Amino acid sequence: MKTIVLPMLAAAVAVSGCATHKYVNREVGEINQKVDNLSGEMEKTQERVRKNETRIDEVDKNAQTGITDAKGSAQQAMKRATDAERAAKGKLLYTVTLSNDKVTFPLNHAEVSPEAQALIDEAVAKFKAENRGVYFEIEGHTDSTGPAEYNQKLGLERAEAVRNYLHDKQEIALNRMEVISYGETRPVVDNNTKDHRAQNRRVVIKVLE
């Protein structure tokens with residue numbers, strides 16, 4: 001009886017071991033396939049994320065460009081509207097130039113000196129005495145020393161300083177005054193000498209009817 005049972009048990013164990021090995025191999029194979037599939041999907045997802053990030057960057061750049069263009073267009077439209085309004089107001093009556101050949105605009109400064117104040121007072125007095133409804137265009141100018149962006153800002157500060165003086169001391173309504181900066185773009189002479197640069201540092205007051 002034992003000589004028969006032992007070979008049968010051995011055969012059963014061998015068959016069982018073979019089946020278990022096949023099962024494990026199949027399970028491992030399926031898991032590896034799932035891992036490969038997941039890795040592939042992850043790579044695709046990462047690629048989609050990268051593409052979306054690229055699109056977002058492009059959209060952001062386009063949006064910034066659009067904002068800049070819109071600002072430029074708005075500024076141009078505002079200037080055209082201002083020019084049209086100025087033309088509708090009428091003719092130029094009087095011009096006062098505050099520059100270093102008459103008053104002092106020191107380098108990098110925007111203060112209205114006592115000499116400049118006296119010229120402004122003299123120019124405005126007769127229009128106030130006549131009670132005329134005039135308008136004032138106040139232009140700020142600089143020499144070419146320094147960056148153009150800085151000069152644009154400095155020109156505006158000089159024009160605003162004169163506007164503020166007209167408002168605070170001469171009681172000119174703010175809605176009757178317009179300030180504009182030309183920075184270094186409209187020199188009256190070249191900027192090759194110290195005296196010439198001094199002449200270009202100026203504020204021009206235009207009185208319009």
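1. In this note a residue is called buried when its relative accessible area is under 20%, exposed when that area is over 50%, and partly exposed in between, with a 1.4 Å probe and protein chains only. By this definition Asn191, at 16% relative accessibility, counts as buried. The model is a predicted one, in which local features need pLDDT of at least 70 and side-chain atom pairs count only at pLDDT 80 or more, whereas totals for chains, interfaces and linings use all residues. Residues are numbered from 1 along each chain as its sequence is written, and side-chain values use heavy atoms, with hydrogens and water left out.

2. Helices (H or I, at least four residues) and strands (E, at least two) are DSSP runs, numbered from the N terminus. Helix α3 covers residues 148-170, which is 23 residues, and its span of 32 Å from first C-alpha to last is close to the 33 Å expected at 1.5 Å a residue; the expected span is 1.5 Å times one less than the number of residues. The buried residues of α3 include Asn151, Leu154, Gly155, Arg158, Val162, Tyr165 and Leu166. The buried residues of this helix pack against β1 (92-99), α2 (114-129), β2 (135-141), β3 (177-183) and β4 (202-208), where contact means heavy atoms within 4.5 Å.

3. β2, α3 and β3 make a right-handed β-α-β unit, the hand being right if, with the strands pointing away from the viewer, the path from the first strand over the helix to the second runs clockwise. Within this unit β2 and β3 run parallel and are joined by six bridges, and His141 has Gly183 in β3 as its bridge partner. Two strands are taken to pair if DSSP finds at least two bridges between them.

4. On the antiparallel side of the pairing, β4 is joined to β2 over seven bridges, with Gly140 opposite Val203 and Phe136 opposite Val207. Seven bridges also join β4 to β1, again in the antiparallel sense, and here Val96 has Ile205 as its partner. Six of the seven residues of β2 are buried, so β2 is largely enclosed by the rest of the structure; six of the seven residues of β4 are buried, so that strand too is largely enclosed.

5. The largest nonpolar core has 21 residues, and those with the most contacts inside it are Leu98, Ile120, Phe136, Ile138, Val162, Leu166 and Ile205. The elements that give two or more residues to this core are β1, α2, β2, α3 and β4. Such a core is a set of buried Ala, Val, Leu, Ile, Met, Phe, Trp, Tyr and Cys residues joined through side-chain atoms within 4.5 Å. Leaving aside neighbours within four places in sequence, Leu166 is in contact with Ile120, Val124, Ile138, Glu171, Ile172 and Met177.

6. Thr142, in the loop between β2 and α3, is buried with a relative accessible area of 2%. Not counting residues up to four places away in sequence, Thr142 touches Asn151, Leu154, Gly155, Arg158, Gly183, Glu184, Asn200 and Arg201. A polar atom of the Thr142 side chain lies 3.4 Å from the backbone nitrogen of Glu184.

7. Asn191 is placed in the loop between β3 and α4 (194-200). Asn191 and Ser144 are 47 residues apart in sequence, yet 6.5 Å apart in space, C-alpha to C-alpha. The side chains of Asn191 and Asn200 make a polar contact at 3.0 Å, that is, a pair of N or O atoms within 3.5 Å of which, within protein, one must be able to donate a hydrogen and the other to accept it, residues adjacent in sequence counting only if both atoms are side-chain atoms. With residues up to four places away in sequence left out, Asn191 touches Asp143, Ser144, Arg197 and Asn200.

8. Two glutamates deserve a separate look. Glu157, in helix α3, counts as partly exposed at 31% relative accessibility, and its side chain makes a polar contact with that of Lys153 (2.5 Å). Glu171, in the loop between α3 and β3, is exposed, with a relative accessible area of 67%, and has a positive phi of about 60° although it is not a glycine.
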